[in-house]
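Let's take a walk through a protein model together.

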Amino acid sequence: MLALWLLINLVKDPTEFFSVAVIGLTNGSVYALIALGYTLVYGILQLINFAHGDVFSLGGLLSATVILDAFDLTAASSAVAIVIGVAVSLLIAVAFSSALNTTVELVGYRRLRNAPRLAPLITAVGMSFILQNVGLYFWGPNYTSTDNLIPNSAAFSIGGVDFQWDNLVVILLTMPLLLALTWLVTSTRQGKAMRATSQDPEAAAMMGINVNRTISFTFALAGGLAGAAGLLYVLQFTTIRFDQGFQLGLIAFTAAVLGGIGNLAGAVLGAVIIGLIEAFNEGLEWHAAGSDWTRSIVFGLLIAILVFRPEGLLGERTPEGA
Amino acid sequence: MSTARATFTERWRQLPDVVQRLALPALVLLLAILYPWYFGGLPGAFPAVETAVIMLIFTVMALGLNVVVGYAGLLDLGYVAFYAAGAYVAAWLASVQFEQVTFHLGSIGIVDTLPGIHISIWIVLVAAALFTTIVGVLIGLPTLRLRGDYLAIVTLGFGEIVPQVVRNGDDFGGFDLTHGTFGISPIDSIGFGNTLNDTLGLPASYQTSTNRAELFYLTALALLLFTVFCSVRLRDSRLGRAWIAIREDETAAAAMGVPLMRTKTWSYATGAFFGGLAGAFYAVFKSGAFPSDFFFNFSIFILCMVILGGMGSVWGVIVGGLVLSYLDREGLAKVGSFASDVLNRPIDVPKYAFGVYGAIIVAMMLFRPAGMIPEKRHRLEIDEGVESAAVASAEQGGDGRRGDG
């Protein structure tokens with residue numbers, strides 16, 4: 001059914017189909033950065049960090065402020081100024097968000113590590129509301145908007161399908177981050193420590209791994225990715241508001257679950273699929289449900305995966321069940 | 001002075017056991033029933049009767065959620081779905097929404113020829129509660145197999161989907177189910193009709209009565225008492241003990257022969273029942289079901305009441321529900337204006353309401369996880385550790401069955 005619907009849309013208007021797919025891919029790569037944060041933290045603590053989406057939106061708000069106030073960038077600024085400004089705000093957003101996420105863990109979750117499973121989960125929901133209100137306090141209830149810094153003119157086009165600069169930049173910035181993350185987790189000492197801690201914290205501690213520091217590092221890493229995603233979101237959509245992180249966080253979490261939570265490649269795959277589903281639903285002309293129903297579709301998908309295939313697309317079935 | 005107190009204590013001890021046990025609840029109940037009549041003499045910080053009605057309704061919801069979260073230990077982050085379901089059943093069965101049909105059954109205060117379904121609100125309240133129970137079972141059956149945090153996410157998903165369906169539900173192939181973002185309004189008035197008014201003096205219609213707030217207050221209080229009664233009786237029943245067993249250790253409970261799925265589904269159904277009942281009554285009170293009321297935040301707001309009071313503790317959840325709903329409706333605004341006066345600059349406290357609730361949740365989880373008034377069984381565990389002999393001996397002494405928590 002779904003494949004048929006996509007096929008008919010493809011045949012009716014191939015140019016539109018692929019343009020929408022590019023948008024989906026762009027959104028998907030922003031989701032991927034957020035989803036990786038959920039998956040990293042879940043992998044090591046088995047905790048759904050509800051506050052993660054709000055770390056993302058605070059990172060985005062801060063980078064928007066840096067772009068607006070520190071660099072005073074507009075669409076008319078020179079290319080060099082834009083590149084420098086975006087790079088600096090990327091660094092600031094990443095540093096701020098990792099610090100914030102680590103603090104959240106330190107204040108909120110560390111004391112509850114041996115508490116019943118629901119305790120840290122409920123705390124995470126509370127943390128999310130606190131962070132949202134921090135955003136509300138400093139940035140107010142309105143959208144913070146920047147100029148469209150990266151022109152949405154076509155960089156190049158293949159067969160009538162335009163690849164716009166802003167989409168391209170987002171995808172080009174995401175890819176190295178993902179590769180760096182994979183390298184970090186699979187090939188460094190710190191990554192080995194993370195994997196060991198996620199398998200068995202006690203055994204890891206006995207092998208001389210500093211479990212607390214490893215967990216803090218994981219949160220810092222996840223926060224950094226969320227901060228980067230915040231900046232990319234601002235570049236792509238030019239507006240951000242204090243309460244957007246929660247929604248986006250849920251969508252990204254769905255992506256992480258779709259791919260198989262705890263699985264890095266799965267999170268990216270899930271995020272791209274969710275991004276495409278969203279874009280197709282909102283962008284295609286022929287019999288699409290439209291943006292009014294996007295959330296219902298995404299959450300309906302989430303429920304369906306959890307009920308029918310809780311281990312996700314790439315996850316492994318565990319004996320205790322997911 | 002001290003001798004007077006001593007004789008009083010002695011006299012008190014000599015009173016029959018029943019009197020000692022029931023004196024305090026009876027006094028609280030009396031004060032609660034009479035509240036609308038002495039409220040005028042209290043200082044301004046006390047809630048208005050209209051606010052008190054909402055406080056009571058929200059507390060009913062908190063007690064319903066307490067059955068799911070507190071008793072059975074299943075984290076439900078989508079309780080707002082049940083509230084919405086109850087409110088919309090009330091709106092469907094007692095308004096002009098379905099103008100294609102004209103059906104009247106015991107409705108009051110409207111002409112017989114008015115199109116739409118108009119059923120007596122008393123029946124509607126029961127119907128809404130039962131419908132929501134069915135929704136709860138339908139949501140529960142496929143999802144309750146999931147482990148704790150996954151279940152939380154699924155309920156959250158339902159809590160997001162239901163409001164969106166409600167908001168977009170004004171055009172299902174041309175059929176207007178929910179009237180979209182406008183909501184359904186007005187809902188018929190609750191009351192006893194003219195016949196009962198003439199013979200027994202019961203109020204004919206609440207909405208048109210001069211004592212509107214008082215009537216709603218007393219009815220809401222009756223609903224709360226019913227809910228408290230059910231909560232306490234259920235907790236001490238076979239089913240309630242099975243819930244608590246599942247909460248404490250699912251595997252052990254299953255090994256002891258507790259049927260997990262059926263027991264969990266019952267807790268969901270019970271929680272949904274009260275959510276639907278309270279939701280329908282609230283919609284009747286406001287005379288409308290509006291989709292802007294149904295947001296994820298509301299689920300967390302109700303959850304915060306349960307956590308603040310103490311998960312599983314009936315009296316704690318009542319206090320938590322009353323305190324938080326008071327803060328939400330009047331308290332934070334009053335705190336804000338007080339703080340603005342003292343600090344001499346405007347501080348908009350209600351704007352940060354959910355920051356306050358979030359802070360309450362985190363603080364409670366970190367420093368007092370069992371809540372303000374902990375459930376007795378829970379308190380023993382927290383103080384002594386789960387494996388300690390104190391719990392075992394307390395439970396052997398029958399304490400676990402007839403706890404006050």
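## Before we start

This is a predicted model, in which local features need pLDDT of at least 70 and side-chain atom pairs count only at pLDDT 80 or more, while totals for chains, interfaces and linings use all residues. Residues are numbered from 1 along each chain as its sequence is written, and chains are lettered from A and ligands numbered from 1 in the order in which they are written.

## Meet the two chains

Chain A holds 12 helices and 4 strands; here helices (H or I, at least four residues) and strands (E, at least two) are DSSP runs, numbered from the N terminus. Its C-alpha atoms fill a box of roughly 60 × 50 × 40 Å along the principal axes. The radius of gyration of chain A is 20 Å, which agrees with the value near 20 Å for a compact globule of 322 residues. That radius is taken over C-alpha atoms, and the globule rule is 2.2 Å times the number of residues to the power 0.38. Buried residues make up 50% of chain A; a residue is buried if 20 or more other C-beta atoms, placed from the backbone, lie within 10 Å of its own, exposed if 12 or fewer, and partly exposed in between.

Chain B has 16 helices and 2 strands. Its radius of gyration is 23 Å, close to the 22 Å that the globule rule gives for 405 residues, so chain B is as compact as a globular protein of that length. The C-alpha atoms of chain B fill a box of roughly 70 × 55 × 55 Å along the principal axes, and 45% of its residues count as buried.

Start with helix α7 of chain A, residues 189–199, whose buried residues are A:Ala193, A:Met194, A:Thr197 and A:Ser198. Seen down the axis of α7(A), these fall within an arc of 130°, so they line one face of the helix. The arc is that of the directions from the helix axis to the C-beta atoms. On the other side of α7(A), A:Arg189 and A:Gln199 are exposed.

Now find helix α8 of chain B, residues 212–236: its 25 residues reach 37 Å from first C-alpha to last, close to the 36 Å expected at 1.5 Å a residue. The expected span is 1.5 Å times one less than the number of residues. Among the buried residues of α8(B) are B:Leu215, B:Phe216 and B:Tyr217.

## The nonpolar core

A nonpolar core is a set of buried Ala, Val, Leu, Ile, Met, Phe, Trp, Tyr and Cys residues joined through C-beta atoms within 7 Å. The largest one has 203 residues, and A:Ala35 and B:Ile57 are among those that touch the most other members. Helix α3(B) gives the most to this core, with 16 residues.

## Where the chains touch

How many residues of chain A are in contact with chain B? There are 34, and they meet 31 residues of chain B; two residues are in contact if their C-beta atoms, placed from the backbone, lie within 7 Å. Helix α5(A) gives the most to this side of chain A, with 15 residues.

The residues on this side of chain A divide into 21 nonpolar, 9 polar and 4 charged. Here Ala, Val, Leu, Ile, Met, Phe, Trp, Tyr, Cys and Pro count as nonpolar, Asp, Glu, Lys and Arg as charged, and the others, Gly among them, as polar.
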